[in-house]
Amino acid sequence: MKRDPILVVDDDDALRESLVEALEVLPVEITAAAGGAEAQALLAERRFAVVVTDLVMKGVDGFAVLAAAKQSYANCRVVMLTGHGSRDVAVQAMEQGATYYVEKPVDLADLRAKVKKSLEDHQKDVAYDDLRGQLERVFGIEGIVGQDPKMQRVLALVRQIAGTAASVLILGASGTGKELVARAIHNLSPRQKRPFVAINCGGMSEGTIESELFGHVKGAFTGAVVDREGKFEYAAGGTLFLDEVGEMPLATQIKLLRVLEERAVARLGDNKLRPVDVRVLAATNADLQQKVKDGTFRQDLYFRLKVVTIELPSLRERRSDIKLLVEHFLQHFRKLHGKDVESIDRDALVALVQYDWPGNVRELRNAVESMVVRARGNILTRADLPPEIWAPLPVDQDAWQFLAGQPWQEVERNHIRVTLELTGGNRQKTARAMGLSERTLYRKIREYGL
Ligand SMILES: Nc1ncnc2c1ncn2[C@@H]1O[C@H](COP(=O)(O)OP(=O)(O)OP(=O)(O)O)[C@@H](O)[C@H]1O
Ligand SMILES: [Mg+2]
């Protein structure tokens, strides 16, 4: 594997040359830039393992180079050269992501050691990313299966924002994996060791949901016989998942917003404010923007929740993942139910790919489970399919994509078979539907042993 090079940035020609010379013993290529602007152009073009940059330069300075380096490639290490005795600036550079700083006049041996260490750390990151990438391609992150570009974008975003404290609004139809994504964000975040607390905001009265969220003190309302902490307190240091947030009563929305802005909560019937340290994730299958327009969802809360928005595609928008999901669930349920089901045949799979999946992944999961449980043989066939999936539906574009690249004979064979089934075995109707002469159809039926 070719290693990423080092970039040396300094507008002082003599110093730049001596820096390059000092680093030449290291086992990677070195590129030099005579200023910040040139460095930015190079960084936009390719990846560098380590950037050594002077801080004070005419025009674009070292901070801008640092920002460009971090933005272009997260694994890039930056070593900043600072003026003698300018500790404050050095600290600022480290805060903005520099790995090391070296004071001027530069001790070349010290610089070399720091760049060498940065290179090694960078190599480790790259190796780790490679391995993780391989594993994720096979297993998905956190059990989220999806190779379709739409899902890959979702997963990239999950990875990117998991480590931050940003509120995330997860949108998607029922059964598309909103809760799975919420849990993945929590599990990939620094809060992973603290609780993940989910609350369903649908179908609860104002009083109940507020007592659940904020807690209450004894006597706050009839039935409040003891003090009770709410989910905000219970989730301290962790993540609070507000499911079906679109259903939250308006009065509760105002109180929730206050808690989020003040980062403090008061239990019902209590004046004492308790500090809140939770990350909030929210999900809904409702059109929140529409609810804002209708006046049933507060706009300020909407904006507060959607610092980051993740939209999950419906299953029919990513049919290429159906095969993977089927295999994933098949393995899961054969173990769970101790059944000897090994695989699913092509016909049954094609039917699953073509089906419309109004209930998305959850419906698919249930379908596979029921097929595994009721399976008679060790290969699932069309006969094992639930009846609503069995009924042939018009084929759409995406389903054809799934068939692309398969041997033509196989496609034709299946196509004739399905059409024959549709017409109840009537060869005349089948031939007409397929635009074949009856003779040709007859020959193909024999040829394919149908
Ligand atoms: N990409 C995926 N890979 C593997 N399993 C998935 C995926 N998406 C969803 N699932 C599974 O499908 C089921 C439904 O997912 P989940 O509960 O996260 O959906 P949801 O969007 O929250 O649905 P609802 O709106 O009905 O609450 C779960 O069992 C989940 O594990
Ligand atoms: Mg859910």
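Predicted model: local features only at pLDDT ≥ 70, side-chain atom pairs only at ≥ 80, totals over all residues.
Local features need pLDDT of at least 70 and side-chain atom pairs count only at pLDDT 80 or more, whereas totals for chains, interfaces and linings use all residues. Residues are numbered from 1 along each chain as its sequence is written, and side-chain values use heavy atoms, with hydrogens and water left out.

The protein chain is assigned domain 1 (6-130), domain 2 (149-311) and domain 3 (317-447), with bounds that come from an automatic or database domain assignment. Between the C-alpha centres of domain 1 and domain 3 the separation is 57 Å.

The structure contains 4 aromatic pairs, a pair being rings of Phe, Tyr and Trp (its six-membered ring) whose centres lie within 6.5 Å, with planes under 30 degrees apart counted as stacked, over 60 as edge-to-face and the rest as tilted. One of them joins Tyr302 and Phe303 in a tilted arrangement, 5.6 Å centre to centre and with 45° between the planes. Tyr302 counts as buried because its relative accessibility is 11%, while Phe303, at 47%, is partly exposed (buried means under 20% relative accessible area, exposed over 50%, partly exposed in between, with a 1.4 Å probe and protein chains only). Tyr355 and Trp357 form an edge-to-face pair, 4.6 Å centre to centre and with 90° between the planes, and both residues are buried.

In a contact of another kind, the charged end of Arg46 sits over the ring of Phe48, 5.5 Å from its centre (the criterion being NZ of Lys or CZ of Arg within 6 Å of the ring centre and within 35 degrees of the ring normal).

Conventions: Chains lettered and ligands numbered in written order.
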